[in-house]
Amino acid sequence: MTARPIVALTSYAEPATWGVWSEVPAALLPWTYVRRVADAGGAPVLLPPVPEAVDACLDRVDALLVTGGADIEPARYGAAPDPRLGPIRPERDATELAALDAAARRGLPVLGICRGAQLLAVARGGSLHQHLPDHAPRVPGRFEPTPVRIDAGSLLGAALGSSTTLWCHHHQGIDRLGDGLVATAWSPDGGIEAVEDPDARFVVAVQAHPEEPGDTAALFAAFVAAASG
């Protein structure tokens, strides 16, 4: 049997309720991320927001998936907080920035999703729009369809084609691209919907949520294939 490549998925640290337990601090992640990686042939493992554990974990995995979540602390990209900034998670910022650095040093494939795309830009010296009212979800907690135009010559384009509809839930977005990144997808108003590092084996990040139901299996297949290489 062919070994599955091990994919580290960054996770939340939030109070959670299940069974007889109520509001217990937990490391957690929506199941859709886990299922997508497993369905693509990967072996998903959670990377909790514990900065001191990052290097040991990245030594043992084949790829990194940086997931969605809370807003990034604006000080990370030299900005003052906007009044419309949402909750921040400094420990998660520190962990995921360290993970992106560790993945780059090891040449690991990286897939960023929503917050993950924003954090990749920040990690490379870029910046964010702290609030994009036209992109904010009309109903919190509900994903909304967004048409996306894709550079057909990009890794994302090879997987999803030159245009598609993806599910989104965000109120922030990439402003200034970080070092080595190029934009590879755009929303109808010209906002950046995906970035890639063309010099890396596989570094792709999308603003939308391809882990949600939709025809995006090819993206996860390409990511896991890169992890197998």
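Modeller: In this predicted model, the buried residues (under 20% relative accessible area, 1.4 Å probe, protein chains only) of helix H6 are Leu 219, Phe 220, Phe 223, Val 224, Ala 226 and Ala 227. They lie on the same side of H6, because they cover an arc of only 155° around the axis, taken from the directions from the helix axis to the C-beta atoms. Helices here are DSSP runs of H or I with at least four residues, strands are E runs of at least two, and both are numbered from the N terminus. Residues are numbered from 1 along each chain; local features need pLDDT of at least 70, side-chain atom pairs count only at pLDDT 80 or more, and totals for chains, interfaces and linings use all residues. Side-chain values use heavy atoms, without hydrogens and water.

The buried residues of H6 pack against strands E1, E5 and E6 and helices H1 and H5, where contact means heavy atoms within 4.5 Å. Leu 111, for instance, touches Leu 219, Phe 220 and Phe 223, among others.

A search of the whole structure finds one aromatic pair, with ring centres of Phe, Tyr or Trp (its six-membered ring) within 6.5 Å; planes under 30 degrees apart count as stacked, over 60 as edge-to-face and the rest as tilted. Phe 202 and Phe 223 form this tilted pair, 5.7 Å centre to centre with 40° between the planes. Phe 202 belongs to the loop between strands E12 and E13, Phe 223 to helix H6, 21 residues apart. Both Phe 202 and Phe 223 are buried.

Key: Buried means under 20% relative accessible area, exposed over 50%, partly exposed in between (1.4 Å probe, protein chains only). Lists of a residue's contacts leave out its neighbours within four places in sequence.
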